[in-house]
Amino acid sequence: MEVPRRILRKMGYKADSQGIIDRYINVNGAWESHLQHTREFILKTLAGKQPINLAVLGSGWLLDLPIEELAGMAGHIWLYDLVHPPQVLHRLKKYSNVTPVHADITGGAIINAYQAVQKYKKYKVKLPPEMICKASMQFPFEPDCIISLNIYSQIGQLITDYLLEKIPYETGETDRIVFLL
């Protein structure tokens with residue numbers, strides 16, 4: 001399921017995504033060791049395997065994903081993210097076996113958080129975090145392999161920041177969201 005762009009905009013996702021690439025550029029190579037280790041770990045984990053359908057959750061800017069190498073070893077790669085930056089979409093055009101998919105990688109938690117805020121504004125009722133995170137990611141097919149790139153820490157923080165800004169939750173209540181995703 002795709003999240004409506006107006007919800008992503010209201011929740012600050014586009015600004016957060018742009019902030020990631022801006023920080024990457026501004027730190028002038030300081031992330032490179034971490035990113036290289038991540039890429040090497042992914043390639044080492046998949047060494048000798050040739051997945052037919054490889055799903056990547058939270059592909060973002062592709063900074064920590066060895067896309068060229070993976071495109072050479074996988075039958076097809078499905079890149080799932082809430083939004084794919086235009087620069088990434090342009091970069092992916094050279095890979096015939098890579099498909100970007102706009103999808104709610106939280107399994108509904110983003111839309112549930114948005115609806116929780118709407119409900120609070122209207123009725124002053126706070127939904128418990130367990131209700132916000134009750135959904136799960138559904139794939140249109142069964143992937144052979146799934147790679148998850150930072151989605152729990154980054155998306156969880158985005159959701160909790162939005163909720164704390166709009167609803168008077170206690171910090172302990174929203175901390176559970178990250179663990180429930």
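Strand 1 (residues 53-57) and strand 2 run parallel and are joined by five bridges; strands here, like helices, are DSSP runs numbered from the N terminus, with at least two residues (E) for a strand and at least four (H or I) for a helix. Two strands count as paired once DSSP finds at least two bridges between them. Asn53 sits opposite His76 of strand 2. This is a predicted model, so local features are taken only where pLDDT is at least 70 and side-chain atom pairs only at pLDDT 80 or more, while totals for chains, interfaces and linings use all residues. Residues are numbered from 1 along each chain as its sequence is written, and side-chain values use heavy atoms, leaving out hydrogens and water.

On to the other partner of strand 2: five bridges join strand 2 to strand 3 (residues 98-102), again in parallel. Here Asp81 has His102 of strand 3 as its bridge partner. Strand 2 (residues 76-81) is largely enclosed by the rest of the structure, because five of its six residues are buried. Buried means under 20% relative accessible area, exposed means over 50%, and partly exposed is what lies in between (1.4 Å probe, protein chains only).

Zooming out, the open sheet has four strands in the order 3-2-1-4, with parallel pairing. Strand 3 and strand 4 are the edge strands, each with a single partner, so one side of each has no neighbour in the sheet. On average, neighbouring strands of this sheet are turned by 20 degrees against each other, direction ignored. For such angles, axes are lines fitted to C-alpha atoms (for helices, over the stretch in contact), and the angles run from 0 to 180 degrees between N-to-C directions.

Two crossovers come with these strands. Strand 1, helix 4 (residues 67-73) and strand 2 form a right-handed β-α-β unit, and strand 2, helix 5 (residues 86-92) and strand 3 form a right-handed one too. Right-handed means that, with the strands pointing away from the viewer, the path from the first strand over the helix to the second runs clockwise.

Now for the rings. Three aromatic pairs turn up in a search of the whole structure. One of them is Tyr24 with Trp31, a tilted pair with 5.7 Å centre to centre and 50 degrees between the planes. Rings of Phe, Tyr and Trp (its six-membered ring) pair if their centres lie within 6.5 Å; planes under 30 degrees apart are stacked, over 60 edge-to-face, and the rest tilted. Tyr24 is partly exposed at 23% relative accessibility, and Trp31 is partly exposed at 28%. The pair of Trp78 and Phe141 is also tilted, because the ring centres are 5.1 Å apart and the planes stand at 45 degrees. That pair links distant parts of the chain: Trp78 is in strand 2, and Phe141, 63 residues apart from it, is in the loop between helix 7 (129-132) and strand 4 (145-148). Trp78 is partly exposed, at 22% relative accessible area.

Helix 2 (residues 13-26) has 14 residues and reaches 20 Å from its first C-alpha to its last, close to the 20 Å expected at 1.5 Å a residue; the expected span is 1.5 Å times one less than the number of residues. Its buried residues include Tyr13, Ser17 and Ile21. Asn28, which follows helix 2, has a positive phi near 50 degrees.

As for the whole protein chain, there are nine helices and four strands, and 46% of its 181 residues count as buried.
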